[in-house]
Amino acid sequence: MATGRTHRPATRSRGIPEATVARLPLYLRALTALSERSVPTVSSEELAAAAGVNSAKLRKDFSYLGSYGTRGVGYDVEYLVYQISRELGLTQDWPVVIVGIGNLGAALANYGGFASRGFRVAALIDADPAMAGKPVAGIPVQHTDDLEKIIQDNGVSIGVIATPAGAAQQVCDRLVAAGVTSILNFAPTVLSVPDGVDVRKVDLSIELQILAFHEQRKAGEETAMETAVGDGAQPAATRGDSTDQGPDGDVPAVMPA
C-alpha cells in the first residue's frame with residue numbers, strides 16, 4: 001500500500017483554488033452520509049444544503065474536478081465520493097504521528113474517524129518518560145528521543161502536535177527536520193515553518209471567541225430591535241437590509257484582535 005511519502009494530492013497541480021479545497025471535505029462528509037443511506041444520486045441544491053454552501057458555489061467547485069452532473073438526474077453519489085477522495089489523496093494510506101499525549105492527544109488517538117478517512121495513526125509520542133510503553137487506544141506511547149527514527153521507519157509525512165505551547169516549536173522543528181511536510185497544530189501558538197511545509201492550526205479558544213462575538217452581536221441586535229419596535233420604528237430586518245452579508249450571502253469571518 002502506498003504511503004504519504006510517495007504521493008502528494010493533485011489539487012495544486014490541477015490549479016484548484018484553496019477555497020475550493022477547503023470545501024471538498026464538507027462535500028465528502030455530506031456525500032458519505034448519503035452513501036451510507038444508499039442514496040444513488042443527489043441534486044446540487046440538496047448537496048449544497050447538506051454541506052452548508054450555496055448551489056452555485058458547489059457547481060463551480062465541482063467544475064474544477066471536471067464533474068458537472070447530469071441534467072434532471074444530479075450527481076452520482078458513489079462516483080463523487082471516489083472523485084473527491086482521490087482529489088484529497090484519501091485513496092491511499094497516510095501514516096500520522098501524534099506528539100503530545102495529554103488529554104487532547106489521547107482523545108485524538110482514540111478518535112475512530114481517522115482510519116475510515118484514509119489516515120493511520122502510526123505512532124504516539126510524548127516527552128514524559130513515565131508515559132513510555134503505556135498503551136493509548138491500543139498503541140504504545142513512545143518517547144520523543146526516538147521521534148526521528150519513528151518518522152523514518154513509518155514513512156510519516158503528516159504530524160499532529162498536541163503539546164503545550166512552549167514545546168510546540170521545538171517539536172515542529174524536529175518533525176520538519178525528520179521529513180514531515182504537513183502539520184496539524186493543536187498547540188495554542190503560531191508555528192514557524194520553512195517553505196514547502198503546510199501547517200493547519202486548530203485553536204478551540206479562538207473558535208469560541210468568534211462564537212462569543214456573534215452571540216454578543218445577536219444580543220445587541222435583539223436589544224436594538226426591541227427598542228425600535230417600542231419607539232414605533234420598523235425593524236431593519238423587515239426593510240431588506242443585508243449589510244452584514246457578503247456577495248454569496250455568507251457572513252464575513254471575523255477574527256479576534
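Q: Over how many bridges do β3 and β7 pair?
A: This is a predicted model, where local features need pLDDT of at least 70, side-chain atom pairs count only at pLDDT 80 or more, and totals for chains, interfaces and linings use all residues. Residues are numbered from 1 along each chain as its sequence is written, and side-chain values use heavy atoms, with hydrogens and water left out. Strands here are DSSP E runs of at least two residues, helices are H or I runs of at least four, both numbered from the N terminus, and two strands pair if DSSP finds at least two bridges between them. β3 and β7 run in the parallel sense, and the count of bridges is 4.

Q: Are the residues on the two faces of β7 buried or exposed?
A: One side carries Ile158 and Val160, the other Gly159 and Ile161. The cut-offs are under 20% relative accessible area for buried and over 50% for exposed, with partly exposed in between (1.4 Å probe, protein chains only). Both faces are covered, and these four residues are all buried.

Q: At about what angle to β7 does helix α8 run?
A: α8 (165–178) lies across β3 (94–99), β7 (158–161) and β8 (182–185). Axes are lines fitted to C-alpha atoms, for helices over the stretch in contact (heavy atoms within 4.5 Å). Angles run from 0 to 180 degrees between N-to-C directions, and for α8 against β7 that gives about 170°.

Q: Which strands stand at the edges of the open sheet?
A: The sheet has 7 strands with mixed pairing, in the order β5-β6-β4-β3-β7-β8-β9. An edge strand here has a single partner, so one side of it is left without a neighbour in the sheet. That describes β5 (135–136) and β9 (198–201).

Q: Which residue of β6 is the bridge partner of Pro135?
A: β5 is joined to β6 (139–143) by 2 bridges, and the two strands run antiparallel. Pro135 has as its bridge partner Pro140.

Q: How far apart are the end C-alpha atoms of α4?
A: The expected span is 1.5 Å times one less than the number of residues. With 12 residues, α4 should therefore span 16 Å. The model agrees, with the ends apart by 16 Å.

Q: Why does Ser55 count as buried?
A: Ser55 sits in α3 (55–64). Not counting residues up to four places away in sequence, it touches Ser44, Glu45 and Ala48. Ser55 counts as buried because its relative accessibility is 19%.
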